[in-house]
Amino acid sequence: MIGKLLDYFNSPDKNIRRRDVLKIIFLSALGSGLSSEASAKKITVYTASRANPIDDHIRDYLYKMRHFDSPHRDDIWIDRKVYQTFKSTVGRLKRLQEMVGHGNYHILGFDDALGLARHYPIIGEFSRKELDFLEELFYKDAKLYGFLGEKSLLRLTDRIEKGDVTYLAQQGNYLYRGRPLETFNKIRQQVGKTVTLTSGVRGIMKQFLLFLNKAYDNEGNLSLASRSLAPPGYSFHANGDFDVGQAGFGVWNFTDRFTTTDAYHSLCELGYLKLRYEIDNPFGVRFEPWHIRIT
Ligand SMILES: [Zn+2]
């Protein structure tokens, strides 16, 4: 397992530098995020040998990535002081999505979201505390809770222009015009309709909801959420990347089992699977064989 990560360390063409591996070592060594509350929970603790501290930290990191959906001893949790605000924000985002529809919600920007919430009593205006919470999460360095990828959006208010994207009604998702749409159309021509678009363009509000909902389902564990979903502002779905799946495979498309499908094998053979999050990647993210890198 360590070998693969060290490949990144040594490989000049992957644009991964020494500091990325050092970041992992630093963050794995942090271990200070364990609240007493967290320690009371059933948390898988990986006990590393003491032979080589650097190897141990990398091994610990890789263990976490392989067990991405379990809490770990150095995970960072949402502060209990803002937990109520976190909870009410998730509720408001869900009502917002219901109101605008799942398709439209994919490309909803921050300012438009605020306007809609203010206008429709069924959603209700975001409170000052909720706005501060969203803003802090967006501008906080995600490395603090273990996500090591690059930021894709610089401003909270960055928006997706409708003219830049195309809605694929059958897929229920948007794709950027140009390379992403051309790539998906080529895939469909070559592989057939067995390949579906499981997630296309995702703007900031969609990423907030996905990420916070994942954290909410896991009692506010930000680190756990970030192993499966890029934090708001860090998702390349805002810039052109998209997810593919096999028709009829449902939620299994977002698991390692996707690699057993005909769709996956065809995509590999045709060279379409340029993955952003490879197995044992150094970004603090689980293996995502379905996520196609465009940018
Ligand atoms: Zn993806």
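A residue counts as buried if 20 or more other C-beta atoms lie within 10 Å of its own, as exposed if 12 or fewer do, and as partly exposed in between. The exercises below apply this to a predicted model.

**Exercise 1. Decide whether Thr-85 is buried, exposed or partly exposed, then find its surroundings.**

Step 1. Locate the residue. Thr-85 lies in helix 5, which covers residues 83-100.

Step 2. Count. Thr-85 has 19 C-beta neighbours inside 10 Å. Buried needs 20 or more, and exposed needs 12 or fewer. Thr-85 therefore counts as partly exposed.

Step 3. List the contacts. Setting aside neighbours within four places in sequence, Thr-85 touches Lys-129, Glu-130 and Phe-133.

Step 4. Compare sequence with space. Thr-85 and Ser-127 are 42 residues apart in sequence. Their C-alpha atoms are 8.8 Å apart.

**Exercise 2. Work out how the buried residues of helix 7 are arranged, and what they pack against.**

Step 1. Pick out the buried residues. In helix 7 (residues 110-119) they are Phe-110, Ala-113 and Ala-117.

Step 2. Look down the axis. The buried residues of helix 7 fall within an arc of 55°, so they line one face. Recall the general rule: an α-helix has 3.6 residues a turn, so residues three or four places apart point the same way.

Step 3. Turn to the opposite side. The face away from the buried side of helix 7 carries the exposed residues Asp-111, Gly-115, Arg-118 and His-119.

Step 4. Name the partners. The buried residues of helix 7 pack against helix 5 and helix 10.

**Exercise 3. Repeat the analysis for helix 12.**

Step 1. Helix 12 spans residues 262-269, and its buried residues include Ala-263, Tyr-264 and Leu-267.

Step 2. Seen down the axis, the buried residues of helix 12 stay within an arc of 100°, so they too line one face.

Step 3. Cys-268 and Glu-269 are exposed, on the face turned away from the buried side of helix 12.

Step 4. The buried residues of helix 12 pack against helix 9 (179-191), strand 3 (195-199) and strand 4 (242-246).

Step 5. Check what follows. Just after helix 12, Gly-271 takes a positive phi of about 80°.

**Exercise 4. Identify the central members of the largest nonpolar core and say where the core draws its residues from.**

Step 1. This core has 52 residues, and Leu-175, Met-205 and Phe-208 touch the most other members.

Step 2. Helix 10 (residues 204-217) is the top contributor, with 9 residues.

Step 3. Domain 2 (76-160 + 204-227) and domain 3 (165-200 + 241-295) each supply at least three residues.

Step 4. Zoom in on Leu-175. Beyond its neighbours within four places, its contacts include Val-165, Leu-181, Phe-184, Leu-197 and Phe-242.

Step 5. In soluble globular proteins, nonpolar side chains tend to be buried together.

Definitions and conventions
Residues are numbered from 1 along each chain as its sequence is written. This is a predicted model: local features need pLDDT of at least 70, side-chain atom pairs count only at pLDDT 80 or more; totals for chains, interfaces and linings use all residues. A nonpolar core is a set of buried Ala, Val, Leu, Ile, Met, Phe, Trp, Tyr and Cys residues joined through C-beta atoms within 7 Å. Helices (H or I, at least four residues) and strands (E, at least two) are DSSP runs, numbered from the N terminus. Domain bounds come from an automatic or database domain assignment. Two residues are in contact if their C-beta atoms, placed from the backbone, lie within 7 Å. The arc is that of the directions from the helix axis to the C-beta atoms.
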